[in-house]
Amino acid sequence: MPKPAPPTDAGDPARIARGEGLAQQNHCNTCHNTDFSGKENVPRIANQREDYLAKTLSEYKDNSRHGYDGSMADVMGPITPEQIADLAHFIAHVR
């Protein structure tokens, strides 16, 4: 069975705006680069599947997924499930 492809649509403008604001507020573009391409041990997150991004972000929030350090858990702590959905929607649509 083939893996689901990343989204090809432009996405929901309101959700993308909210997600982009969250990404800027939480400095996601610092560790993951301004284009979310990743660097060194920090993964590329741009144009990944939205469901994968939401699952991963939720796992960092509940501490069931561990990174190389605690920074993702710290960042995700105050983020709500609704904000995770918007953040995943935005990042999935970054080209």
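Visitor: Why is Arg95 called exposed?

Guide: Exposed denotes a relative accessible area over 50%, buried one under 20%, and partly exposed the range in between (1.4 Å probe, protein chains only). Arg95 has a relative accessibility of 57% and therefore counts as exposed. This is a predicted model, in which local features need pLDDT of at least 70 and side-chain atom pairs count only at pLDDT 80 or more, whereas totals for chains, interfaces and linings use all residues. Residues are numbered from 1 along each chain as its sequence is written, and side-chain values use heavy atoms, with hydrogens and water left out.

Visitor: Where does Arg95 lie, and which residues does Arg95 contact?

Guide: Arg95 belongs to the segment after helix 5. Contact requires heavy atoms within 4.5 Å. With neighbours within four places in sequence left aside, Arg95 is in contact with Pro7, Thr8, Asp9 and Asn47. The C-alpha atoms of Arg95 and Ala46 are separated by 6.6 Å, although the two residues are 49 apart along the chain.

Visitor: Why is His89 called buried?

Guide: The relative accessibility of His89 is 7%, so His89 counts as buried. His89 is placed in helix 5, residues 81-92. Its contacts, aside from neighbours within four places in sequence, are Gly11, Asp12, Arg15, Ile16 and Glu50.

Visitor: Why does Asp86 receive the label buried, although Asp counts as negative?

Guide: Asp86 has a relative accessible area of 9%, and therefore the label buried applies. Asp86, too, lies in helix 5. The side chains of Asp86 and Arg15 form a polar contact of 3.1 Å. Not counting residues up to four places away in sequence, Asp86 touches Arg15, Arg18 and Gly19.

Visitor: Why is Ser37 called partly exposed?

Guide: A relative accessibility of 34% makes Ser37 count as partly exposed. Ser37 is situated in the loop between helix 2 (28-31) and helix 3 (50-61). Its side chain makes polar contacts with the side chains of Asn33, at 3.3 Å, and Asp35, at 2.7 Å. Beyond four places in sequence, Ser37 touches His32 and Arg44.

Visitor: How do you know which secondary structure the protein chain has?

Guide: Helices (H or I, at least four residues) and strands (E, at least two) are DSSP runs, numbered from the N terminus. By this rule the protein chain has 5 helices and 0 strands.

Visitor: Why does the radius of gyration of the protein chain agree with that of a compact globule?

Guide: The radius is taken over C-alpha atoms, and the globule rule is 2.2 Å times the number of residues to the power 0.38. For 95 residues a compact globule would have a radius near 12 Å, and the protein chain has 13 Å, which agrees. The C-alpha trace spans about 35 × 30 × 25 Å along its principal axes. Buried residues make up 31% of the 95 residues. Among contacts between residues at least 6 apart in sequence, 63% join residues at least 24 apart.

Key
A polar contact is a pair of N or O atoms within 3.5 Å; within protein, one must be able to donate a hydrogen and the other to accept it, and residues adjacent in sequence count only if both atoms are side-chain atoms.
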